[in-house]
Amino acid sequence: MAVNLVNVEAIDKVYGTRTLLDGVSLGVSEGDRIGVVGRNGDGKTTLVRILAKLEEPDGGRVTHVSDLRLGVLTQADSLDPAATIRHEVVGDLADHEWAGDAKIRDVLTGLFGGLDLSGFPQGLDTIIGPLSGGERRRIALAKLLIAEQDLIVLDEPTNHLDVEGIAWLAAHLQARRAALVCVTHDRWFLDQVCTRMWDVQRGAVHEYEGGYSDYVFARAERERRAASEEAKRQNLARKELAWLRRGAPARTSKPRFRIEAANELIADVPPPRDSAELMRFANSRLGKTVFDLEGVTVTAGPKMLLKHLTWQLGPGDRIGLVGVNGAGKTSLLRTLADAAYSGGEQQPVGGRVVVGKTVKLAYLSQEVRELDPTWRVLEAVERVRQRVDLGKGREMTASQLCERFGFVKEKQWTPVGDLSGGECRRLQILRLLMDEPNVLFLDEPTNDLDIETLTQLEDVLDGWPGSLVVISHDRYFIERTTDRVFALLGDATLRMLPRGIDEYLERRRAAIEASAAAAPAAPPKARSSAAESRAVKKELQRIERQLDRIAEKEAALHAAIAENATDFERVAELDAELRGLRDERDELEMRWLEIADDA
């Protein structure tokens, strides 16, 4: 019989006037693999923090089995900023000791691409303090996974990992014996790793057996029983379930839910997208040419990202773009966007980008653009447009689209300055769609979005007629919203992958194995002198300090622009200064890339 590791008995938690957890009782036993889902702000993180005894409940109690070995990854790490990566991850172990440990080798290779940690200035001896939040988070995850635990609690572990890193983490956790409680919005990861689900909603926690696919089925069935006929027809859970059931078997690796009941539940649900109809509408809006690339070369300083690329993005194309970090995914989108926004005048360093005359591009970058914090949500949307044309005679008001994206009536009057990071991201996407673009570039659109919002966004995109390019580490989102996958594999080429992300991961594994096999025969790399190495590191640190100062100035300028929103002359001056800083930052980043290879 499995030992009960943690008991949560009738716990309550209130913040201000809001009840997050109301009389919740749960248990975690040996072998449990539990995924925690729910809307942003409904208490997922609070629940797991209380479960791990990092936070006290207002009522009830939490008990741990004696001598419980507990590993916790929170959204804020506790790493010593003055320590090195080596000290935090492998401690006092000598190189031959940790390098001879298969688990440590697996973790370092899986999270950092190799034992030398080549992505860091001094490898394992890099000081943690100056590193980015994403880099620190991967270090904290490595430290946790190298240790032995009875229970692992992870809060958003896939943040800052690419598709390859997420696939590795899923396989690693599957192979461990420790129990697991995991908060994540990555639905593919949930389906691969978890065998039970906790859904946190309005103070209660609903438990479901099985992974994410099982949870979708159970939720759809529950909503069917409770809903009116109209709500049944619009039930997004049924639509998502239909996609899961009709998709490739690999999408649902643990199809334990009742197949006959699921098929009956989705019998009247049409395919997510009418591709032929959308293509006809896209052709009418875009014509024959969207983006034609002829021998295009894209660089970052001396680094060649893409060389002599000839490619076409056509009307109605829905493309997923994946690749190793630094391969040029974002740079490719920026190159296309620069050509579109300049009317074709701004061209890459080599080759030519031809932009269709009717192209109206909306580009969601990874940065959340600043909005006037005093605007209300509805006002921020209506400043773009009050009604949006969805095609085939369908229209939607700004208020209706707000509701579609989770901004219910009362939330539409919330000042922008009071929104969370996820809500700001939602609003940014909403404003882009409201402008009726016919080409949409989405660079990591799933950042900070909960599963419910992702499902709503996918539903909107299902009926959106235009050309779409998505960069995302969220495998489920790419497979759900796009029809074809292209990859940048770090060799300056762009390849179509007929079998999608599965093929990408296979190619990456083959490339890594081939590189490892060739390594012993490779000529030794000439070592620079110690003095040269110190000089390069000093220059890198100087550039990083300058980039930090520029980031502070940019933040101050954004604040000044918000304060002077009604003084258009002053805003123009501040914006010009901001553009100058961005140019300076781009030059410094290019210089950093140029010398980083010599570090």
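Colleague: Which residue in β7 is the bridge partner of Val153?

Modeller: This is a predicted model. In it, Val153 has Val181 of β7 as its bridge partner. The two strands involved are β6, residues 151-155, and β7, residues 179-183. They pair in the parallel sense, over five bridges.

Colleague: In what order do the strands of this sheet run?

Modeller: Read across the sheet: β5-β6-β7-β3-β8-β9. That makes six strands in an open sheet with mixed pairing. Now look at the edges. β5 (70-73) and β9 (204-209) each have a single partner strand, so one side of each lacks a neighbour in the sheet. On average, neighbouring strands are turned by 15 degrees against each other, direction ignored.

Colleague: Now helices. At what angle do α4 and α6 pack?

Modeller: Angles over 145 degrees count as roughly antiparallel. Helix α4 (residues 102-112) and helix α6 (residues 163-175) pack at about 150 degrees, and their axes are 8 Å apart. The pair is therefore roughly antiparallel. From α4, the contact uses Asp106, Val107, Gly110 and Leu111. From α6 come Gly165, Trp168 and His172. By class, three of these residues are nonpolar, three polar and one charged.

Colleague: Why do residues three or four places apart in an α-helix point the same way?

Modeller: An α-helix has 3.6 residues a turn, so such residues face the same way.

Colleague: How many residues of α16 are buried?

Modeller: Buried means under 20% relative accessible area. In α16, 11 of the 14 residues are buried, so the rest of the structure largely encloses this helix. Among them are Glu423, Arg425, Leu427 and Met434. At 1.5 Å a residue, α16 (residues 421-434) should span 20 Å, and its end C-alpha atoms are 20 Å apart, which agrees. After α16 comes Glu436, with a positive phi near 55 degrees.

How values were computed
Residues are numbered from 1 along each chain as its sequence is written. This is a predicted model: local features need pLDDT of at least 70, side-chain atom pairs count only at pLDDT 80 or more; totals for chains, interfaces and linings use all residues. Side-chain values use heavy atoms; hydrogens and water are left out. Two strands pair if DSSP finds at least two bridges between them. Helices (H or I, at least four residues) and strands (E, at least two) are DSSP runs, numbered from the N terminus. Axes are lines fitted to C-alpha atoms, for helices over the stretch in contact, and angles run from 0 to 180 degrees between N-to-C directions. Angles under 35 degrees count as roughly parallel, over 145 as roughly antiparallel, 65 to 115 as roughly perpendicular and the rest as oblique. Contact means heavy atoms within 4.5 Å. Ala, Val, Leu, Ile, Met, Phe, Trp, Tyr, Cys and Pro count as nonpolar, Asp, Glu, Lys and Arg as charged, and the others, Gly among them, as polar. The expected span of a helix is 1.5 Å times one less than its number of residues. Buried means under 20% relative accessible area, exposed over 50%, partly exposed in between (1.4 Å probe, protein chains only).
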